[in-house]
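Biologist: I am new to this structure. Please pick a single part of it and take me through a close look, one step at a time.

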Amino acid sequence: MSEAGAEAGGATPHTPYLPPLRIPVRQIGARTFDFSRQVAIMAVVNRTPDSFYDQGRTYAFDRAVDACFEAVALGADWVDIGGAPFAPGEPIPVEEEVERVVPVVEALRAGSDVVISVDTFHSVVARHAIGAGATVINDTTGLRDPDLARVVADSDATLVITHSLAEPRRPFPRPQYGDVVAEVSAFLRDRVERALTAGIPEERIIVDPGHDLNKNTLHSLALTRRLSEIADLGYPTLAAVSNKDFIGETLDAPRTERLEGSLAAAVISVMNGARIVRMHDVRASVAAVRMTEAVLGLREPAYLKHNMGDLND
């Protein structure tokens, strides 16, 4: 709309939502992020035989390491390594989880300064992973292990605090919420206080509303639509939306056909304040996120040529 139109009573120019980050600049390992100006792409590498999405494709050690370095080459800022699924099932012995993730962390750290997170809810695994070079612990259970916060506090690592309700690897049928966003926000606020009390400074805390974790599709859609209410907590918000069931159910799409829906959910999440997105397809996600940053005014175009000169190119 022209300035004249606005002055005549039309709609005022739209200002994009930018999260009120308490501490926007974060040092995570060797890398610095200004989350007031950028969004980080977290790649996913699961060293499990029954992972949700890749069904064991990166279970073998060599394949897991190769997948990590491929993600870095494609532009990932961050690699999230997991050795135990969130889904209900038999517990993975802690020693086995350590054996799955620690060698991959060591191999990746030896060849890259990328942010490395380990997806675990065990304090023992967290301690070994940090010792091997991990710079983030991604706990999908909201500090169920009371020692996990202390382990992180005694290191330089960052903690991702995620909303979920079930005991690790336990079913939680028919989750019910009065207002899912308000309840998730209250849960995260409480767990942040626990982390702070344990000695983790606020500049090392990230929050994740936990799309699909003990939530149905309607809950996850509401969290995506109202993600700004989570970002309003003031901590960088992680949106782990890639290939989730809420996308599959919304689009009637099997796990292998959820890329477009995943990208749409990621872009909507960034527009609503997410500053880290956890994604499987790194190449496509980097392009989608960088374009979104440019639309939000956070990033300059790579170059300017079209209609910039005397001739139309």
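**A close look around helix 10**

Modeller: Helix 10 passes helix 11 in a right-handed crossing (the near helix is turned clockwise from the far one by less than a right angle). Helices here are DSSP runs of H or I with at least four residues, and strands are E runs of at least two, numbered from the N terminus. A word on the source: this is a predicted model, in which local features need pLDDT of at least 70 and side-chain atom pairs count only at pLDDT 80 or more, while totals for chains, interfaces and linings use all residues. Residues are numbered from 1 along each chain as its sequence is written, and side-chain values use heavy atoms, leaving out hydrogens and water.

Now to the pair itself. Helix 10 covers residues 259–271 and helix 11 covers residues 282–295; they pack at an angle of about 30°, their axes 10 Å apart. Axes are lines fitted to C-alpha atoms over the stretch in contact, with angles from 0 to 180 degrees between N-to-C directions. The two helices are therefore roughly parallel to each other, a label for angles under 35 degrees. On the helix 10 side, Leu259, Leu263, Val267, Val270 and Met271 make the contact, and they meet Ala284, Ser285, Ala288 and Thr292 of helix 11 (contact means heavy atoms within 4.5 Å). Sorted by class, this contact has seven nonpolar residues, two polar ones and no charged ones.

Ser262 is buried, at a relative accessible area of 2% (buried means under 20%). Leaving aside residues up to four places away in sequence, Ser262 touches Val241, Ser242, Asn243, Ile247 and Met279.

One of those neighbours, Asn243, is worth a stop. Asn243 lies in the loop between strand 9 (237–239) and helix 9 (245–251). Asn243 is buried too, with a relative accessible area of 5%. The side chains of Asn243 and His280 are joined by a polar contact of 3.1 Å (a pair of N or O atoms within 3.5 Å, one able to donate a hydrogen and the other to accept it).

The buried residues of helix 7 (residues 217–225) are Thr217, His219, Ser220, Ala222, Leu223 and Thr224. Helix 10 is part of what covers them, together with helix 6, helix 8 and helix 9, among others.

Key:
Parallel < 35°, antiparallel > 145°, perpendicular 65-115°, else oblique. Nonpolar A, V, L, I, M, F, W, Y, C, P; charged D, E, K, R; others polar. Buried < 20%, exposed > 50% of the residue type's maximum accessible area, 1.4 Å probe, protein only.
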